[in-house]
Amino acid sequence: MDKLEQLLTRILNESLIQVTISGKKSGSREDGIIKIQIRPVRIKDRLLFQAARYGKDKVFHENLTSEETKIFIKEALKSYKQLQAKGDRYMASVLSGKKDNYSIKWKDMQEENRSSFSHDREKEYILSGDTPIPFLVDLGVQTKDGKIVKSKYDKFRQINRFLEYIRDILPELPKDREISVLDFGCGKSYLTFAMYYYLKILKGLDVSIIGLDLKEDVIKTCNDLKEKYGYHKLTFLTGDIGGYEGRTQVDMVVTLHACDTATDYAIAKAVAWNAKVILTVPCCQHELNGQIYNELMEPVFKHGLLKERMAALLTDGLRASLLEQAGYQVQVLEFIDMEHTPKNILLRCVRRDHIRPKQKETCEELSAFFHVQPTLLRLLKED
């Protein structure tokens with residue numbers, strides 16, 4: 001077995017955090033791929049490795065077995081100069097030369113540094129990283145003995161970061177009655193379960209949470225799990241955000257990665273309910289990308305990637321401004337690191353009617369400047 005084969009056999013397991021392959025060799029076939037990243041994923045209890053090939057404005061994903069990943073990496077190193085691998089206890093690098101010559105380096109992380117780092121990192125988390133939490137185990141984030149699954153560590157960090165935002169707004173929620181929370185587009189409900197666990201189990205608050213999503217099979221699974229845990233005031237329903245009429249008042253509305261204008265419908269519902277708190281992390285933002293136009297900005301908009309990012313930022317900027325005009329204090333925050341997802345903006349909004357801005361025409365003027373008609377502007381006008 002050659003040295004590269006030995007290295008790949010050693011790193012391709014759940015202890016791997018990420019492999020990065022970069023540095024195009026001169027004379028290699030130009031396919032538009034700038035770099036490749038590989039990380040472990042678990043799908044239906046099967047360990048696979050997700051290879052992400054990054055182009056100038058697109059990312060291509062495929063899931064591979066360990067043997068397929070070895071072949072994939074060896075083939076990639078014919079066109080790229082270097083490989084960097086990071087695991088929970090090591091760092092490794094490969095420099096690829098001519099005629100399949102490789103320079104391989106391996107570095108073990110110092111035990112004392114790792115333990116110190118782990119301790120510092122752990123004490124910042126609301127949820128413990130070494131005590132089994134039933135919903136985290138069933139959702140594949142923790143093992144049965146409470147250890148965080150390496151491929152799910154980003155999800156674990158995301159959950160705790162989200163709970164920190166919840167902790168910050170607790171003083172804004174009622175203390176003399178039941179707290180009503182609605183999670184639009186809850187999906188697999190990692191964060192919905194985390195909210196209930198934090199508010200009900202850890203903080204002991206009287207809270208009722210409803211999760212809403214279009215996928216019937218996902219909702220059934222979530223309802224089965226909440227029955228298993230005895231989370232009696234947590235409910236999951238199948239339904240569309242725009243058509244939901246099950247509540248007349250909600251204290252907090254959460255919408256995380258609701259697709260495109262579904263975020264706008266969720267925000268409009270929250271405003272109509274006079275929700276005290278709104279937490280929203282937008283997902284894909286296609287609406288304005290298809291409308292945005294300005295002759296002066298054409299040197300920017302002619303590039304698809306730049307136009308897409310400008311449209312996304314404009315979408316969230318207008319949402320923030322419209323919420324301010326509706327009487328909310330809005331903070332634009334980073335949800336998780338950019339390296340994990342480009343959709344990392346969270347709008348944290350708390351109703352403060354006394355700070356309502358006077359310039360009510362600003363959003364309409366900005367929309368006219370870019371020739372766009374945002375759904376949220378229309379919905380709030382109708383209300």
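Phe-184 is buried, its relative accessibility being 0% (buried means under 20% relative accessible area, exposed over 50% and partly exposed in between, with a 1.4 Å probe and protein chains only). The model is a predicted one, in which local features need pLDDT of at least 70 and side-chain atom pairs count only at pLDDT 80 or more, while totals for chains, interfaces and linings use all residues. Residues are numbered from 1 along each chain as its sequence is written, and side-chain values use heavy atoms, with hydrogens and water left out.

The rings of Tyr-90 and Trp-106 are stacked, because their centres are 4.5 Å apart and their planes lie at 20°. Tyr-90 is buried, at 4% relative accessible area, whereas Trp-106 is partly exposed, at 27%. Phe-184 and Tyr-244 form an edge-to-face pair, with 6.1 Å from centre to centre and 80° between the planes; Tyr-244 is likewise buried, at 9% relative accessible area.

Arg-10 lies over the face of Trp-106, 3.6 Å from the ring centre, and the charged end of Lys-35 sits over the ring of Tyr-54 at 5.2 Å from its centre; such a placement requires NZ of Lys or CZ of Arg within 6 Å of the ring centre and within 35 degrees of the ring normal.

Notes
Rings of Phe, Tyr and Trp (its six-membered ring) pair if their centres lie within 6.5 Å; planes under 30 degrees apart count as stacked, over 60 as edge-to-face and the rest as tilted.
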